[in-house]
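Q: I'd like to learn how to read a model like this one from its coordinates. Could you take me through it, feature by feature?

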Amino acid sequence: MARASTVDTTEGSLVGRSAQLAWPAVLQAILANFYAFNDFVFVGMLGDAAATAALSACFALLILHFTFIKVFPVGATALIAQAFGARKPERIGQLFRSAVTTTMGLSLIIAVAGVLVMPWFVSLANVTPEVGLHVADYLRIIYWATPTFALMLVVVGVFRACGDTRTPLVLEIGSLLVNIVLNFILVLGWGPIPAMGIEGAALATALSRGLPGVVGLWMILRGDLDFDPMAGVRGLIAWRPDLDLSRQMAAIGIFEALSGLIYGGVYLMLNRMAGELGSAAQGGLGAGLRGIEWIGFAFGSGFLTASISIVGQNVGAGKMDRAWGGAWISAGLSALCCQLVGLIFILFPEPLSRMVTDDLDTLRYAMIYVYYIGWVMWAVGFEMSMFGAMVGAGQSRTALAVSGGYNLLRIPLAAGLLFGLDNLIDGVRWVTLGAADAPEVIGPFAALVWTIGLTSVLKAVTYAIILSARWRALKRSQATTRVRGARSVRM
């Protein structure tokens, strides 16, 4: 395998650097979402509507489970990007080692906890008993494989922080090819291997997702990036977590994790509301979001990755003007690319939805989701990229306040539109606390999509206001510094 190629974003065209980092990350995100797509396709071949609905319910539960695994990888990515921009290779090595050990230790705890609380998680999904059995079968395997996902997050984050988004793409291609083969064999059965259904999909995902982490770790240890991961240290003691570095990583990553936790929890509640319209509505929500909208998410995720690297590296280099300029450029490109995808959603909702479901009732709901969300994909792309910019700058609290706050707003908005304003409070109490029975549904399924779309627009506008204010403050600070410097020269 070719040696890794890092990108220094502190110099050169910001548009060029953003595109250079984003396009491999976009392709990787597209490929990464094919794991869910593969699940829907291969499980869908079984003709089991309950299994398809289970995959939809699993989406939110998996977000909740994996949220806290990201605490140290996300923090490490931001800090390593800053260290890369500051030209501190020894600090990069220290952060890398601490991130690996702390994340792997945390992942073991989370794996056990996930298995123990799984029955409670399944009960939150508001699914039928048949769907619940499928959910449990899928999650049990994924939960035990948590450490493989954790290692992958750390390794991919280190490559991206150093400006290398191509190597993770190559690793993803290999992993996805393995996933396709394993899905075919394990879900449908082949030769002496019996069909395992949804359990086979989970096992295929768990096995294939371990590949990028293991191979990427080997590449880092052999010195493929522009730092020596073992500089000045040798032996197992080198992998002992540095508590101060772990604290710094957690200080950034915990807010991103909380934002993800809120996102997953809110989606779980939206899925719970959809359940009042039937399992087909739940399947349509999941098919639209996990099966189709991920195409647009991929572009947003790619520019989110670019923003973390560009902003992080330039903050580390002390080039704040360039850091915020890069944030604007990446967000604009992200919005443009995502809306082009949204145009396809608007024009072809039925052919796209048929790619992930054959059930006519589920198809009808999926088409509604795909069509309406297509109109606001620009906002999804803009806010995702801005989220990355805040993380790269180490300002994940701001990202949590904006993204997390508006995601929470989705609960009362959806409840009001679906159950009516007169039943708003009862609807919120039911969906959040499980209190009493669900109010009577008087609104359409589209209400859930309108809620997601409106809050996405609000997030994009708020991020633009915040970045504009900070940009103006930076310009005023620079102007003041120049005036003081000129006065000093005259004196």
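Q: Of the contacts in the chain with a separation of 6 or more, what percentage comes from residues 24 or more positions apart?

A: First, the ground rules. This is a predicted model, where local features need pLDDT of at least 70 and side-chain atom pairs count only at pLDDT 80 or more, while totals for chains, interfaces and linings use all residues. Residues are numbered from 1 along each chain as its sequence is written, and side-chain values use heavy atoms, with hydrogens and water left out. A contact means heavy atoms within 4.5 Å. Residues 24 or more positions apart supply 83% of the contacts with a separation of 6 or more.

Q: What is the secondary structure of the chain, and how compact is the chain?

A: Helices (H or I, at least four residues) and strands (E, at least two) are DSSP runs, numbered from the N terminus. Here you get 17 helices and zero strands. Along the principal axes, the C-alpha atoms fill a box of roughly 75 × 55 × 40 Å.

Q: How much of the chain is buried?

A: Buried is under 20% relative accessible area, exposed is over 50%, and partly exposed is in between (1.4 Å probe, protein chains only). Buried residues make up 57% of the 491.

Q: Which atom does the side chain of glutamine 82 reach?

A: Look for polar contacts: pairs of N or O atoms within 3.5 Å; within protein, one must be able to donate a hydrogen and the other to accept it, and residues adjacent in sequence count only if both atoms are side-chain atoms. The side chain of glutamine 82 reaches the backbone oxygen of glycine 392 at 3.1 Å. Glutamine 82 is found in helix α3 (residues 71-85) and is buried, with a relative accessible area of 18%.

Q: How many aromatic pairs are there?

A: Rings of Phe, Tyr and Trp (its six-membered ring) pair if their centres lie within 6.5 Å; planes under 30 degrees apart are stacked, over 60 edge-to-face, the rest tilted. That rule gives eight pairs. Phenylalanine 96 and tryptophan 239 are edge-to-face, 5.8 Å centre to centre with 70° between the planes. Phenylalanine 96 lies in helix α4 and tryptophan 239 in the loop between α8 and α9, so the pair ties together parts 143 residues apart in sequence. Both phenylalanine 96 and tryptophan 239 are buried.

Q: Where does the charged end of arginine 272 sit?

A: A charge sits over a ring if NZ of Lys or CZ of Arg is within 6 Å of the ring centre and within 35 degrees of the ring normal. Arginine 272 has its charged end over the ring of tryptophan 430, 4.6 Å from its centre.
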